[in-house]
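Visitor: I'd like a close look at one part of this structure, and then at the charged pairs too. Could you walk me through it?

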Amino acid sequence: MTVPTGALARGTAIPKDNARLGRAGGVPRRIAASRGWRRLGLAWIAGAFGALAMPPYGLLPALAVSLCIAVWLTDGAVSGRSLGRRAGPAFLIGWAWGFGFLTAGLWWLGSAFLVEADEFLWALPLGVIGLPFGVGIFYGAGFSAAAALWSEGPARIAALALGLGGAEWLRGHVLTGFPWNVLGMALGQNLWLMQAAASVGLYGLTVLAVLICAAPATLFDAGSPRHSYGPLAAAAILLVALALAGADRVGQADPAVSGVRLRLVQPNLQQDAKFRPENRDDIVDRYIELSDRPPEAGEATPTHIVWPESAFPFLIQRDPDTLAKIAAGLKPGRVLLTGAARADEPLPGERPRIYNAIMVIEPDGTITDTYDKVHLVPFGEYLPGFLDGALRAFGLRQFVAIPGGFSAGNPAAQRILTVPGLPPVVGTICYEAIFPAAIRPLGQPIDAARPPGLILNVTNDGWFGDTPGPRQHLAQARLRAVEEGLPMVRDANTGISAVIDPHGRITAQSAIDVETVLDADLPARIIGGTIYARFGDLLFAGMLVACAAAATARRKRA
């Protein structure tokens, strides 16, 4: 007699659709039979283990183990339940799984609260525990959506890919979005596998990652043994095909842009000194000294200098003496691209709005172009409007101590910067580089008459020290180069600075927490761009439709 997983101790006969669990292997059966806090605890541990697949570790089998456990837990939660009674248990499994995944992957956020511990230590649990606790809701929603299409056999893997793919897209867009450590990064950090992002983007990689990594769970399905290895074999073939196609795509080196030699300045300024106005002269002198260091023997002289995000503890646009000092200190003909705070001209009686910006400073010290950051960091650069008044009443502020916080740039504005001697430059500041399609204003197509030639990302990862955070940031920025077919120039205050070609190869990279300069050629863009650059997430949407069709067709047959 077949025994149900939910009634192993009672000896009760089970419904027909529970037969799979009764015949499954010992470990999957025990996992599926878990209940209550034990089920949620297993989901949390599985999610935390899956975080090992994210940068900088890149252990893809960890995500396979993690998702297989999630599949078996969901099997037990939905088995024998009507459609209306599945959503709640599946949501709790997904939420606990996501809570564990994000807690293990984002623990390093706590470092930012220790920079000014006298003011922010109290909030450390909110960042390290509260953020994963809340963002885990997206995974809960994804598991609930998958449960609505859940069935026996391999089709439930398609349902999970649909649910988690949609959940990750929502996580990247709702409430300004937070697409950090999206599941697709399990594939998006390997040079060969990341090439698929040129067609399907980060969220398409997420669907592929779930299909591949959750497939081993079907080895323990009921039915004829001749069908047991089919999904796993299909997943292995898909993984190999992605790798071979990627290897072929990166087979040749990208040419360099003629007449351009970059110098990325990494000053390694510590956070407790970087924003103090009394350090302004020392900071500017340090930048100039690093910028003017002679190149290595036999190397070309830099033509373009890049300084990191928020390079100055003052408004350089209102300081002509410092602009003149920079112009005099840099060798003739060099163009400077730098992060800097920028203020607009306010109306009488109003406080000026402050922007986190990139400025183009020509050899004579003139600021000729700017880009204002659009995606601000909540609680880091501004306080959300509904909390601003309440928190300030208690004397609380965002990390960057600017009255009123930074203002966001116009999201519909053109991001392209005009820089003498460079192809059109797309500006991104700090964590803007983790957003797919962020280089286009409001997701609009690129202007064909003036296509961008590189992505510039200036950032200050000094808040997070020598932790996985800066490495995760670099890995995610790197994928933007592949998606768009554009080289990326990334300058970080404390590291990691890098030059990345349009296939994701890092052609130059600094160490973390060191003062250094990085000289490199600028790789050329991919002529004609990529499928993702032309169509955005359209192919990803098609993948979701295909997953829904596969899951729905199996339910109809059942």
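Which helix is Trp 169 found in?

Guide: Quick ground rules before we dig in: this is a predicted model, where local features need pLDDT of at least 70 and side-chain atom pairs count only at pLDDT 80 or more, while totals for chains, interfaces and linings use all residues. Residues are numbered from 1 along each chain as its sequence is written, and side-chain values use heavy atoms, with hydrogens and water left out.

Now to your residue: Trp 169 is found in helix α9, residues 155-171. (Helices are DSSP runs of H or I with at least four residues, strands are runs of E with at least two, and both are numbered from the N terminus.) At a relative accessible area of 31%, Trp 169 is partly exposed; that label sits between buried, under 20%, and exposed, over 50%, using a 1.4 Å probe and protein chains only.

On to the charged pairs. The structure holds 18 salt bridges, each a side-chain nitrogen of Lys or Arg within 4 Å of a carboxyl oxygen of Asp or Glu. One of them pairs Lys 325 with Asp 285 at 2.6 Å, N to O. That links distant parts of the chain, 40 residues apart: Lys 325 is in helix α15 (residues 320-329) and Asp 285 in helix α14 (residues 280-291). Lys 325 is partly exposed at 32%, and Asp 285 is partly exposed at 35%.

Another is Glu 515 with Arg 286, at 3.0 Å, N to O. Glu 515 lies in the loop between β11 (506-509) and β12 (516-523) and Arg 286 in helix α14, so the pair ties together parts 229 residues apart in sequence. Glu 515 counts as partly exposed at 34%, and Arg 286 does at 29%.

Finally, take Asp 501 and Arg 505, whose closest N and O atoms are 2.6 Å apart in a salt bridge. Here Asp 501 is buried at 3% relative accessibility, and Arg 505 is buried at 17%.
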